[in-house]
Structure formats: C-alpha cells, structure tokens
Amino acid sequence: MTFLFIEVHGIEGIGVAVLLSNLIIAAVLIINRLGLMWLPFLNLRPLVSSLARIRGGWQHRAQKHRVEKASQVLRELVERLTVSGSPADVHSLTVDEQLTSLNDLSVFALKAAHGEPIALLKIANSSGASNSLDKHVSVVERLRADTRLKELAGHLPVTLAKDHATGRQCLIEGRLPGVVASGFVISPINRRAMQRAAIDAIGILHRSTAHEVILDRSWCRHWIGEPVRHIAQAEWRRAS
C-alpha cells in the first residue's frame, strides 16, 4: 500500500498509507470483538463491487502517474542524446505502458507513433540497479562483439541510448520479439518448450566458446583443493 501511495503523493503518501492500514486493522479488531453473528444479514456484494471499482480506479491512476513520470524522463533523456545507427529514431518514441519487473528497475514499453511497442526504457531506482544496468550493457556488448556467437546475435537486445536523466541511470534498448511469459508459462507444455529453448541457447554458448583445458595438479588444487579447504575451515570455525 505504501508503494502505491508514494508513487502518486510522494512522501506524504507514506502517512496516508499508514493511516489507512491502521483503520483496516481497527475494523478487523472490531469485527473480531463483536463476533460474526451479524455478518450473514449483511449484503456485502455492493460493498465488494465498490471496493473493486475503487481499486481499479486507483491502479489506473497510479499507472497513469508512473507513465507520465517516465515520459518526462524519456524527454529529458533524448534531448541530451545524439543516437545514430539505431533501428528506430528514439526522438519519435513515446511511453506506452509500465511492465512488471522483479527488481529495483522501472521498465516501460516504448512505441513509435501509431505503432506497436518496439523498445524498452529502463530506469534505475537505486545504485544497485545502476550497477546492474551497467553490467547488462557491458555483457550484451561483449556477447555481440564475439564473432564466435553470431548465431545468438538475433537474441540480443540493441542498446539505443544510455545516460542519466532526472538524476537516475536510464537505458533505452530495442525490444526483442516474443510473448509475455507471465501468461505463457501457465501451461506445462509451454514451460517445457521454454526450458528446451533456454537449454538450446546455452548449448550454443558452450559449444561456441569451448576450449580444451589440461587438468593437472595445479588446476585441481586451484579449483578443487582450495575451495574444499576454505569450506572445511569455515565449518571448523562454526563448530568451535
């Protein structure tokens, strides 16, 4: 709840969220104190419908607010960039919607005028997220530059722009073709297909970069003996 309110109302949203949370807790305690005998006589359907409409309206408003903030970031970003050789003119892109992410990055789909989303805007919300963006761009560039991995080039995003805007690290990159996995993986058949595709991609990476290594005493000591010794010492210190 705090996350939703702070997106719209800023620091004041924390106070609003705390107040509403306390009201909900108080209502639950009152219901528990009075007992549940009177609940069957209540028609809760209108209340549930009203709450659902309020929730939907709030989510729509929060989404609209986040898209407006991302649009501001995008405008500031493209004004400072001169991008050449891109598959799309970033100056013509607009924010379409926010996408779900599992870390401290805000991710938005970008589209050209009257078109489908063709790019992504990633905004770092912390120093850790900024480091993740830097590492992501570095790894993609190394993979793309490796001539042994030409077979994977079509599966790598293209960096269109990377800079700071509104004090945060931002990245615009081309959107890869595909479907939204959150709904796709519900089916066991689809999950197995995705796992096979991932294994195939990893197989290409391994086969393309494989090289022979002589397993001598020095190699075994460095990769096996030393790690085992450190683990044994840590276990001994924990036991003592």
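Helices (H or I, at least four residues) and strands (E, at least two) are DSSP runs, numbered from the N terminus. The model on display is predicted: local features need pLDDT of at least 70, side-chain atom pairs count only at pLDDT 80 or more, and totals for chains, interfaces and linings use all residues. Residues are numbered from 1 along each chain as its sequence is written, and side-chain values use heavy atoms, with hydrogens and water left out.

**Whole chain.** Begin with a cartoon view of the chain, which holds seven helices and five strands. Followed from the N terminus, the elements run α-α-α-β-β-β-α-β-β-α-α-α. Of the 240 residues, 22% count as buried, where buried means under 20% relative accessible area, exposed over 50% and partly exposed in between (1.4 Å probe, protein chains only).

**The largest nonpolar core.** Next, select V95, L110, L121, I123 and I172; of the 15 residues in the largest nonpolar core, these touch the most other members. A nonpolar core is a set of buried Ala, Val, Leu, Ile, Met, Phe, Trp, Tyr and Cys residues joined through side-chain atoms within 4.5 Å. Colour α3 (45-79), β2 (105-111), β3 (117-124), β4 (159-165) and β5 (168-174), each of which supplies at least two residues of this core. The most comes from α3, with four residues.

Now centre the view on L110. Leaving aside residues up to four places away in sequence, L110 touches partners including L74, L93, V95, P117, L121 and I172; contact means heavy atoms within 4.5 Å.

Select β3 and β5 together: they run antiparallel and are joined by five bridges. Two strands pair if DSSP finds at least two bridges between them. Within this pair, L120 stands opposite E173 in β5. Six of the seven residues of β5 are buried, so that the strand is mostly covered.

**The largest pocket.** Finally, select L120, R175, L176, V179 and V180, which of the 19 lining residues are the closest to the centre of the largest pocket. About 900 Å³ of space lies in this pocket. β3, β5 and α5 (181-184) each supply at least two residues of its lining. On a 1 Å grid over the protein atoms alone, a pocket is an open set of points where a 1.4 Å probe fits, with protein on both sides within 12 Å along at least five of seven lines; lining residues have an atom within 4 Å of a point. Grid points are joined across faces, edges and corners, and the volume is the space filled by probe spheres set on the points.
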